[in-house]
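Welcome! Here is a short tour for anyone meeting this structure for the first time.

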Amino acid sequence: METGISLDSYKIFCTVVKTGNMSAAAKELYISQPAVSMAVKQLEEKLGSPLLVRTTKGVRLTPEGEVLYRYLDMALNMVKTAEHKYYEMANLEKGEVRIGASDIVISGYLMPYIEKYSSEHSDIRIKVVNKTTYESLEMMKRGVIDLCFVNLPIEHNEEMEITKCLEIHDCLIGGTKYKDLANRGLKLAELLDYPLLLLEDMSNTRKQLDKFAAENGIKFKPIIELASYDLLIQFAKINLGLTFIIREFDNKAIDNANLFEIPVEPNLPTRYVGLVRLKNGALSYAAKKFVEMLGLEEQ
């Protein structure tokens with residue numbers, strides 16, 4: 001039933017009950033006593049029954065007023081709690097940032113930012129979900145995460161807003177067994193003559209490598225497929241084969257003692273790490289602050 005009664009009317013009524021009289025309520029609310037009396041009278045008229053019994057010593061509740069007050073008091077306390085929680089989040093005293101990214105993007109790009117954010121906003125919970133690009137995107141569509149950091153490019157989607165964060169380059173590496181290739185390099189087609197170690201084909205990085213190979217008339221046939229960059233590097237180090245890594249993330253692995261970068265012709269295309277958000281999604285203050293810290297303007 002729609003009564004058209006304002007929240008202020010209920011607040012005035014509850015204040016009168018708590019303070020015990022109209023004058024004390026007026027003083028607490030910083031309004032005049034006639035305004036308090038009028039508000040209570042109008043509330044009673046709209047509800048259709050007396051709520052208070054006026055006496056020389058103040059007011060007392062009618063049975064109807066007692067029921068109304070009991071529930072209103074709980075409801076108004078919930079409103080106060082809601083306001084308090086909102087301001088906590090708005091002032092970054094509480095909240096949560098939910099991020100989805102692959103392990104290589106987390107370790108190679110996000111880790112310093114996560115560490116800094118956690119240090120500056122210790123009361124904000126950071127939830128990081130380690131998934132492939134397409135798994136992360138699906139979780140974002142379902143509202144499980146707020147921000148998605150992926151290896152670009154990805155398929156165009158009208159629901160998503162993509163911001164480039166960092167330029168990255170894939171490079172071929174090999175162990176001591178393939179040291180001589182570091183000097184002379186390889187044609188892309190020559191890779192078919194060597195054992196290849198690649199990421200699983202569900203990863204976006206692998207999809208882009210396969211696409212590049214297909215555009216140049218070949219198809220990669222790896223002897224080992226893994227979900228972990230770290231394991232690929234370790235396997236390359238013990239000379240099981242050649243593998244691709246992202247130079248910006250794994251540059252330290254190329255030490256020219258155990259692992260060597262091998263030039264490939266034609267050059268592999270430049271890629272980017274991208275931040276993906278839902279266009280119509282509203283980010284929390286905590287998530288907006290994380291985007292801000294990355295130097296990316298939240299739109």
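Predicted model: local features only at pLDDT ≥ 70, side-chain atom pairs only at ≥ 80, totals over all residues.

**Nonpolar cores**

- The largest nonpolar core has 40 residues, and those that touch the most other members are Leu110, Leu147, Phe149 and Phe290.
- Helix 5 (residues 103–120) gives this core its largest share, with 7 residues.
- A separate core of 20 residues lies apart from it, and its members include Ile12, Val17, Ala26 and Leu52.
- As general background, nonpolar side chains in soluble globular proteins tend to be buried together.

**Aromatic rings**

- There are 6 aromatic pairs in the structure.
- One of them joins Phe220 and Phe244 in a tilted arrangement, with 6.0 Å from centre to centre and 45° between the planes.
- This pair links distant parts of the chain, 24 residues apart: Phe220 sits in the loop between helix 8 (204–215) and strand 10 (224–226), while Phe244 belongs to strand 11 (residues 242–246).
- Phe220 and Phe244 are both buried.
- Elsewhere, ring pairs join Tyr109, Tyr113, Tyr117, Phe149 and Phe290 into a cluster.
- Two lysines lie over ring faces: Lys164 over that of Tyr272, at 4.3 Å from the ring centre, and Lys288 over that of Tyr285, at 5.6 Å from the ring centre.

**A look at helix 2**

- Which residues of helix 2 (residues 22–29) are buried? Met22, Ala25 and Ala26 are.
- These three lie on the same side of helix 2, because they cover an arc of only 100° around the axis.
- An α-helix has 3.6 residues a turn, so residues three or four places apart point the same way.
- Lys27 and Glu28, on the other side of helix 2, are exposed.
- The buried residues of helix 2 are covered by parts that include helix 1 (7–19), helix 3 (33–47), strand 1 (52–55) and strand 2 (58–61).
- At the start of helix 2, Asn21 brings a side-chain oxygen to within 3.1 Å of the backbone nitrogen of Ser23.
- Just after helix 2 comes Tyr30, with a positive phi of about 60°.

Conventions. Residues numbered from 1 in each chain as written. Heavy atoms only, no water. Core = buried A, V, L, I, M, F, W, Y, C linked by side-chain atoms within 4.5 Å. Buried < 20%, exposed > 50% of the residue type's maximum accessible area, 1.4 Å probe, protein only. Helix = DSSP H or I, 4+ residues; strand = E, 2+ residues; numbered from the N terminus. Phe/Tyr/Trp six-rings, centres within 6.5 Å; stacked < 30°, edge-to-face > 60°. Lys NZ or Arg CZ within 6 Å of the ring centre and 35° of its normal. Arc of directions from axis to C-beta. Contact = heavy atoms within 4.5 Å. Polar contact = N/O pair within 3.5 Å; in protein donor to acceptor, adjacent residues only side chain to side chain.
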